[in-house]
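Here are a few notes to read alongside the model, written as numbered points. Take them in any order you like.

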Amino acid sequence: MNLLSSSVSWKKLSALAEETANDRISDYFAADPARFDKMSLRLGELFLDFSKNKVNDKVLKALIDLAEHSPLRQRRAQMFSGDIVNVTEKRPVLHTALRNRGQDSVIVDGEDVMPSIRASLEKLKGFSEQVRSGEWKGYKGNRITDIVNIGIGGSDLGPNMTVRALLHAKHPDLKLHFVSNVDGQHIKKVLKSLKPESTLFIVSTKTFSTQETLLNAQTARRWFYKNAGEDADVGQHFVAVSTNQEAAMEFGIRQENIFEFWAWVGGRYSLWSSIGLPIALSIGYEGFIELLEGAYEMDQHFLNAPMEENMPVLMALIGIWYINFLGAETQAVIPYDQALHQLPAFLQQLDMESNGKSVDIEGNPVDYATGPIVWGQTGSNGQHAFFQLLHQGTRFVPIDFIASLEADEQTTEHHFALLTNMLAQANAFMNGDDSDGLLDYQMCPGNRPSNVILLDRISPRSLGALIALYEHKVFVQGAIWNINSFDQWGVQLGKRLANEISRNIEQKSQDYDPSTQGLMELVRAAFERQDSGSKK
């Protein structure tokens, strides 16, 4: 039986949704001039303004009561201590241990995992410093100039987003490339401008069995041998991040060049591990440690701050208010900084792969909405693309605006325009425009809620805190919804069926629905024509 939607806290929030249905956010400010000060928080280099939300004091209190009566406190303690919280896969979830900068032990199955985590960091440090200094040489004695990360999902999105966000701090002599799509045009385009003697490939795959990653890695290896010769030392140009050491070695990667990974690291939470090797190579090991320290600072805040002053908790609760009581189906993420242009895609996986669930942790169907559809792109581009729907459309879409305060000295006027555009949009979404003399089609109703997150600057530390903020927000929502935020069986289904169809397409299997069988026949016939044409 599902108890959440029949709980006293839930029913109280349902009643408040009706009671406040016609409230306007602007009226909350008129009633309380100190609202901004009361509903904003700072942690280190990160500032959160959540005052432009359709949330009054009674709603906020009821939301905090909901959290207090949920399993949140218990599951938070379990996650940080190394207990099993991913119940379907019977695993702990320890991305927080990866960035633990304190001296506390984290015990898993009776063993402290912190020594092995610290050892993996030392290995990451040694290798990244060798490559960055030029000490690591290619088969011809050249220094490495190009690094290609081959991965998909969490093995791509996190490192890729972070490297792009911190591009201003990258090594001047290293270019980072990311290949994820199984479409051959992706890796073909990347390889076109590279030289084998100065290129390093990182094959990032937890099990060393992910189809897309292996296909791309095999293509990269063929390219290497074709251009470098069969006698070239592939071991100097391929390293791996994987739990499957044997498979990586069979591929041709030296044992000492396989970076440790653990089963209790979920892909979308893995950039803090050796999966973050491209980050360390780009910004340096010290920069990578600053990233971990920023996340650790947010971890400690999440653990210790009271609910009413806890950034991840408050963002999660406000999201639950919109999703479960005000009918929001989506969440827009709009970074007003080009450096963060891949953040919406990263958060899309983080949130939707974690909380896109329809049964609770005991396997019972839920009767309430769970994870929202997360989407977005950079401002001010979004203003000239989809903001029209947000201002005047019929959809209710909460928005997170994200920006950095520090400007590039050479383009200060650009950054000023960027920030003022963001402030104008947040203001316009809240207040709307129903000025005298406007025609109906010109009016904007306003009362659209938003959070504004400001970073003092885009640094490894502030970015680490920002990512951890969203990780914990997702965790809080999953705990309150009583779902498992750490498995992804829908993803596994797609992988399994892809492998099955790959095996069965040649046998003209009749085990599929007519649509799938018809499409399989079209694919098979197309490849037969291509094969016969290539043999002529």
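How do the residues of the lining of the second largest pocket divide into nonpolar, polar and charged?

1. They divide into six nonpolar, 11 polar and five charged. Here Ala, Val, Leu, Ile, Met, Phe, Trp, Tyr, Cys and Pro count as nonpolar, Asp, Glu, Lys and Arg as charged, and the others, Gly among them, as polar.

2. A word on the basis: this is a predicted model, in which local features need pLDDT of at least 70 and side-chain atom pairs count only at pLDDT 80 or more, while totals for chains, interfaces and linings use all residues. Residues are numbered from 1 along each chain as its sequence is written, and side-chain values use heavy atoms, with hydrogens and water left out.

3. Back to that second largest pocket, which holds about 550 Å³ of space. A pocket is an open set of points on a 1 Å grid over the protein atoms alone, where a 1.4 Å probe fits, with protein on both sides within 12 Å along at least five of seven lines; lining residues have an atom within 4 Å of a point. Its lining has 22 residues, and Asp337, Ala339, Glu406, Asp408 and His415 lie nearest the centre. Helix H17 (412-431) gives the largest share of this lining, three residues. Helices are DSSP runs (H or I, at least four residues) and strands likewise (E, at least two), numbered from the N terminus.

4. The largest pocket has a volume of about 860 Å³, a volume being the space filled by probe spheres set on the points, which are joined across faces, edges and corners. Of its 37 lining residues, Lys206, Thr210, Gln488, Gln492 and Lys495 are the closest to the centre. H19 supplies the largest share of the lining, six residues.

5. Now for the largest nonpolar core, with 114 residues. Such a core is a set of buried Ala, Val, Leu, Ile, Met, Phe, Trp, Tyr and Cys residues joined through side-chain atoms within 4.5 Å, where buried means under 20% relative accessible area (1.4 Å probe, protein chains only). Helix H18 (residues 460-481) gives the most to this core, 13 residues.

6. Do look at helix H5 (residues 72-81), where Leu72, Arg75, Arg76, Met79 and Phe80 are buried. They lie on the same side of H5 because they cover an arc of only 130° around the axis, taken from the directions from the helix axis to the C-beta atoms. Just after H5, glycine 82 has a positive phi of about 95°.

Notes. Buried < 20%, exposed > 50% of the residue type's maximum accessible area, 1.4 Å probe, protein only.
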